[in-house]
Amino acid sequence: MDRRTFLKTAGAGVAGAACISTVADARPNLEPAPEAVGMLYDSTLCVGCKACVTACKEVNDMTPVDRGDGHIYDSALDLSGDTLNVIKVYSDGTAAVKDSEENGFAFEKRSCMHCVDPGCVSVCPVTAMRRDPLTGIVTHHPDACIGCRTCMVGCPYNVPQFEYDNAFGRIHKCQMCNQEGLERINKGGMTACAEVCPTGATLFGPRSMLMEEAKRRMELKSGDNYNFPRGDISKPESYHEKELEADYQNHIWGEKEAGGTNVLHISAIAFDKLGMPPLEDRSYASVSEGVQHTLYKYMALPAAAMAGLTYVVKRNKDNHDGEE
Amino acid sequence: MSHAKPLGGSIFTPAFMLCLVLFVIGMYFLGVRFTDGMGAVANINGGFPWGIWVVYDVVIGTALACGGYALAITIYVFNKGQYHPLMRAALLASLLGYALGGVGAFIDMGRYWQFYNLLLPWHMNFNAVMLEVGLCVTTYILVLVIEFAPAFLERIGAHGVLKILNKMLFIFIALGILLPTMHQSSLGSFLIAMGYKVAPLWQTVHFQPLLALLTALTMGFSIVIFEASASQVAFDLPDETSLLSKIGKIIVGLLLVYLVVRFGEIILNGKVGYIFAGDKNSLLFLLETLLFIFPVVALLSQKMRQNSRVLLWAAVSMLFAGSLYRFNAFLFTYDPGPGYSYFPSVGEVMVTVGIVAFEIMAYMVMVKMLPVLHKEAHA
Ligand code: SF4
Ligand code: SF4
């Protein structure tokens, strides 16, 4: 290796190392939208009636399909191209006691969490996933979507779902009942699943109010009586008083997880048992965008690299051509 | 002017006919995908939206097509003109590999009829790795076409155009080095956004782009060795071992860097326990590591590198190592949570096999009709 080659190699190495080491200055997590709306799902109040599943299908025009097996209603096992919302069941042993980890059972709602710093929005190449700047609602826009399904791999909750059984399928996800044509929230209404929930297990409202409510419930002990609101927390339709049968986990899911979510969950059972993913506070979006932007620094680095490469290649190519 | 010559000879050899049959079977299943939806052919699902069409055709396929990229760096950045004779064949394989990677990405696109949205500035999301990879790969395919064009122009005797192209070629060669550097490292960045779904032994925030780039380069150099050895046997060409052995040396160097980064990251982040956990992931990791280490050990001594057989085995091991690394990270150890699993369907595999068969057919036809390979010995 002569001196020039050595310098060149060393230079490339240093440049490479510089790229890699600055990766650490990724951007911070996004903050909640100024007028963020969301939902609070309280697993201890859920009775598993699945009224929200049916209502969700109705308002979103995903009428239950008769799959030829005699079922007249669609109680899907998981989210799919025609199901935006499911109620799942945790059960252990004899499954005798509600909200008990041992020999008990519990319900869990799965629908879009409306992340504060959404992975799906960050990874979509054509901006087909958008976070509303005011309400924080994450919507999907099929007219832009190319169907690459990166949102599916980039969503920590596996929420966006593609219609694999349709040659001209599209992505579906819960858009908080606010997609074009429905716009329940813009019209001053609430989400269909919250509206029909008989116990207030699914509660709609501004994220900040829901967070306060969740924190109040964290303070309760089993045996306490509490007046639970139904519908929209900013203007509840009714309340119902109930005695707490189990202690809450001291954990508001969505306060911090991967940057937080607008849909908050509370429960008497640890969230990993309910199938929630192992997330840290940092959003993957903030980390991966940091890496991407450091490597590309808004194209300045590639442009400089191109200039250098062009020079080196031209000189070497002229040399070789001369030799031949 | 190059000294490459068309090989001539019959096109419809038994190998060609076999590929043709595989290709036709693949096209049948591809037809079903377009009439009945992706679910009718592929086993991809809600938790595994990316199956082998993305992971093999695009993520691994393009790395196997990095021969042109790896040689371009050696020849034009490190000024090693003696590798010129290998360049055309490498470029052809890169062109075919990347073009079919592009085809793979297209057929896997759920809404392919809107693919042009990727090119419309008002749709672009500059935070998205997928945008960068999509645009970079598309541009690189065009660059490869231009880089390979001289072979075609020589053949049809368009000397005027050839002369002009030759004057401008350096720009495209430079692009042909920059673009793969960008998108091959970005393939690693995909893994960052997948977060916990990628198993701990394959998830590393800071080194993902570097590891992806190093494996792309080593796979690129290995495929050059593999192609040269395979064509030498298949088409009875002169021995290139002395040139290839120097490439073997480069591979050893790159692999050593790779292994230091890979294991350094695992040790520093306290993930050694996962290696010996004895579960599926640890076995896959050990297998992958063995495949990476074999070429290093085999090619460490000058004498072994001169042995064309050892060289070929080392290259093959490296190709499997790099492929397994990407399969492991994107698919085999990918875990989206309870309730989801994935194993490719026969139809899905046949589509990929069909695409590869087409690639081989095209390669065989092109080297017979265009000046790609060298018949006389040199270097
Ligand atoms: S839960 Fe998934 S689909 Fe919903 S906002 Fe978060 S990343 Fe997007
Ligand atoms: S907010 Fe609307 S779309 Fe979302 S789960 Fe509830 S009913 Fe379904």
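Reader: What makes A:Arg149 and B:Asp108 a salt bridge?
Author: The closest N and O atoms of A:Arg149 and B:Asp108 are 2.8 Å apart, and the term asks for a side-chain nitrogen of Lys or Arg within 4 Å of a carboxyl oxygen of Asp or Glu, so the pair qualifies. This is a predicted model, in which local features need pLDDT of at least 70 and side-chain atom pairs count only at pLDDT 80 or more, while totals for chains, interfaces and linings use all residues. Residues are numbered from 1 along each chain as its sequence is written, chains are lettered from A and ligands numbered from 1 in the order in which they are written, and side-chain values use heavy atoms, with hydrogens and water left out.

Reader: How many salt bridges are there between chain B and chain A?
Author: The count between these two chains is 1 salt bridge, and there are 32 residue pairs in polar contact, both residues at pLDDT 80 or more. A polar contact is a pair of N or O atoms within 3.5 Å, where within protein one atom must be able to donate a hydrogen and the other to accept it, and residues adjacent in sequence count only if both atoms are side-chain atoms. On the side of chain B that touches chain A, the elements giving two or more residues include helix H1 (14-36) and helix H6 (159-194) of chain B. H6(B) gives the most, with 18 residues. By class, that side has 44 nonpolar, 22 polar and 6 charged residues.

Reader: What is the area buried between chain B and chain A, and which atoms give 61% of it?
Author: It is about 5700 Å², of which carbon and sulfur atoms give 61%; buried area here is the accessible area (1.4 Å probe) that two parts lose on being put together, summed over both. In terms of contact (heavy atoms within 4.5 Å), 72 residues of chain B meet 66 residues of chain A.

Reader: Why is A:Thr150 called buried?
Author: A:Thr150 has 3% relative accessibility, and buried means under 20% relative accessible area, with exposed over 50% and partly exposed in between (1.4 Å probe, protein chains only), so A:Thr150 is buried. A:Thr150 lies in helix H4 (residues 150-154) of chain A, and, not counting residues up to four places away in sequence, touches A:Val123, B:Trp50, B:Met130 and B:Phe190.

Reader: What makes A:Arg217 and A:Asp42 a salt bridge?
Author: The closest N and O atoms are 2.9 Å apart, so the pair falls inside the limit. The pair links distant parts of the chain, with A:Arg217 in helix H6 (residues 207-218) and A:Asp42 in strand E1 (residues 37-42) of chain A, 175 residues apart. Both residues are buried, and together with A:Glu213 and A:Arg216 they are linked in a network of salt bridges.

Definitions and conventions:
Helix = DSSP H or I, 4+ residues; strand = E, 2+ residues; numbered from the N terminus. Nonpolar A, V, L, I, M, F, W, Y, C, P; charged D, E, K, R; others polar.
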